[in-house]
Amino acid sequence: MDGVLGLPSLQTILPATYRPIVVICIGIWGWAFSLLILIRSHMDPASILQIHPDKNVNLHNPIFAIASVLTCIITLNLWFCYHYGTPSSWFPLITYLAAFIMILWPGKGFYRKERTRFLRVLRRLFSLNIFAPVFFSDIILADILTSLSNVFGDLFTTLCVILAGQDATLEKTQVDYHRDVFLPILISIPYFIRLRQCTSEYIDSNRKTKRHLFNALKYASAFPVILLSAAQKRAAMYVAETGSVPKSWWIGETNIFRLWMAFVFFNSMYSFWWDISMDWNLVHITQGGTGGKLGSVLSVPTVRIRRHLHFSQPMLYILATAIDFLLRTTWSMKLSSHLFVKKLENSIFLVELLEVIRRWIWVIFRMESEWVKRNQISLPSHRNDHDPIRMDLLDRGKLTPISEEDDDGDDNDNQTI
């Protein structure tokens with residue numbers, strides 16, 4: 001089928017069954033480039049993440065190697081699919097199985113240390129123990145997973161299409177599978193992980209650090225967006241099939257949409273404010289005192305910018321803030337499964353790619369902030385000890401050594417592909 005202006009459609013160029021793994025592959029490339037940028041900017045991401053990299057191999061090299069192999073697997077599989085298969089054939093399944101085997105390969109070759117470290121962090125993320133320590137590397141990976149949350153939903157639909165052997169078009173998959181409760185559950189899992197981490201950090205602080213509760217609220221605000229969107233999708237499909245409104249639709253479709261939009265706005269704006277104020281530690285609004293004629297003290301909000309910027313060009317911070325603001329808004333909309341309509345198929349895939357880019361920009365400046373903080377560089381001046389959630393007053397992630405990393409210290413893993 002041709003797309004706009006006679007050009008091939010996205011379904012023709014990249015079948016829907018391949019899109020989740022393509023986005024994940026691009027995400028791995030982004031992680032490698034983020035590490036490279038940090039190292040070239042004279043930062044030490046290994047110390048920030050509390051890991052022990054091989055002394056003879058740069059931290060980013062194994063990630064580039066893994067991304068390259070995965071890219072080759074996808075490219076070769078697509079070539080065979082174009083020439084010998086169909087979008088609903090078993091060819092896409094080979095791609096996912098190959099990627100799965102590559103990560104779980106038990107041999108000592110192919111950067112076993114990095115692969116083992118990744119699986120170890122995943123085990124900590126999916127632990128239900130709220131009293132377990134939360135390390136900074138765990139936080140980074142969990143936040144990355146939130147950006148891939150909708151990709152996990154697409155992956156579930158893709159596997160259903162492959163195993164059922166049906167036509168892999170977005171229109172058909174939404175009719176067959178979007179009623180299933182598994183889709184919103186899968187999208188919600190990364191946010192549950194971060195919510196559990198925030199709870200663990202709050203408990204670890206002896207229930208004194210309120211910042212973790214405010215952070216937990218940010219992730220909890222994504223659940224109404226996901227659930228209300230699923231409700232709208234289910235109701236719309238019911239109306240399309242029966243021609244009547246469900247009797248249980250007591251609150252009204254219009255009111256549900258307005259409520260959904262309100263939560264989308266809250267989640268987007270709150271997340272953006274948290275990015276620049278808490279995660280990046282760039283902007284703070286503090287209460288300053290100004291004496292009046294009668295000797296009274298008026299509390300005047302004051303916006304303060306972090307004085308020390310590791311990157312020499314302030315424009316980078318301005319550009320990153322602008323990109324984060326724009327893409328935070330579109331990503332909150334992407335959490336909504338009822339927007340999966342055929343005419344938006346290309347746009348939705350583009351939004352997923354843009355969110356991956358936004359996340360790696362976020363990672364760079366998040367780790368830059370942590371690098372500045374851990375090196376005890378001056379943070380915003382005029383500290384306000386009455387502000388319960390200021391970043392320079394609070395801890396962020398466990399700074400104690402990760403015992404599993406110490407166990408890997410003697411593992412000689414200087415390998416090539």
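Asp 275 is buried, with a relative accessible area of 0%. The model examined here is predicted. Asp 275 sits in helix α13, which covers residues 253–279. The side chain of Asp 275 makes a polar contact with the side chain of Arg 328, at 2.8 Å. Beyond its neighbours within four places in sequence, Asp 275 touches Trp 280, Asn 281, Asp 324, Arg 328, Arg 358 and Trp 362.

Two of these contact partners, Asp 324 and Arg 358, also pair with one another. Asp 324 forms a salt bridge with Arg 358, and the closest N and O atoms are 2.7 Å apart. This pair links distant parts of the chain. Asp 324 belongs to helix α14 (residues 314–334), Arg 358 to helix α15 (residues 345–374), and 34 residues separate them. Both Asp 324 and Arg 358 are buried.

Helix α15 holds a further pair. The side chains of Glu 370 and Arg 374 meet in a salt bridge, with an N to O distance of 2.7 Å. Both residues lie in helix α15, 4 residues apart, or about one turn of the helix. Glu 370 has a relative accessible area of 1%, so it counts as buried. Arg 374 has a relative accessibility of 27%, and therefore counts as partly exposed. The cut-off for buried is under 20%, and partly exposed runs from there up to the exposed class, over 50%. Glu 370 and Arg 374 also belong to a network of salt bridges, in which they are linked with Lys 218, Asp 279 and Arg 366.

Side chains of opposite charge can pair when their charged atoms come close. Across the whole structure, a search finds 11 salt bridges. Another of them joins Arg 124 and Asp 138, with the closest N and O atoms 2.7 Å apart. This pair also links distant parts of the chain. Arg 124 is in helix α6, Asp 138 is in helix α7 (residues 136–147), and the two are 14 residues apart. Arg 124 and Asp 138 are both buried.

Helix α6 was then checked for length. The helix has 14 residues, 112–125, so at 1.5 Å a residue it should span 20 Å. Its end C-alpha atoms are 20 Å apart, which agrees.

The UniProt record, an unreviewed entry, lists residues 20–39, 59–82, 88–105 and 126–145 under "transmembrane region". Two of these spans were examined in the model. Residues 20–39 are 100% helix and 0% strand, and their end C-alpha atoms lie 29 Å apart. Residues 126–145 are 50% helix and 0% strand. The end C-alpha atoms of that span lie 12 Å apart.

The remaining values describe the protein as a whole. It contains 16 helices and 2 strands. Of its 417 residues, 49% are buried. Among contacts between residues at least 6 apart in sequence, 74% join residues at least 24 apart. The protein exposes about 21000 Å², and carbon and sulfur atoms supply 66% of that area.

Technical notes: Residues numbered from 1 in each chain as written. Predicted model: local features only at pLDDT ≥ 70, side-chain atom pairs only at ≥ 80, totals over all residues. Heavy atoms only, no water. UniProt positions renumbered as here; feature names shortened; annotations may be inferred. Expected span 1.5 Å × (residues − 1). Buried < 20%, exposed > 50% of the residue type's maximum accessible area, 1.4 Å probe, protein only. Contact = heavy atoms within 4.5 Å. Areas by Shrake-Rupley, 256 points an atom, 1.4 Å probe, with all protein chains shown as cover. Polar contact = N/O pair within 3.5 Å; in protein donor to acceptor, adjacent residues only side chain to side chain. Salt bridge = Lys/Arg side-chain N within 4 Å of Asp/Glu carboxyl O.
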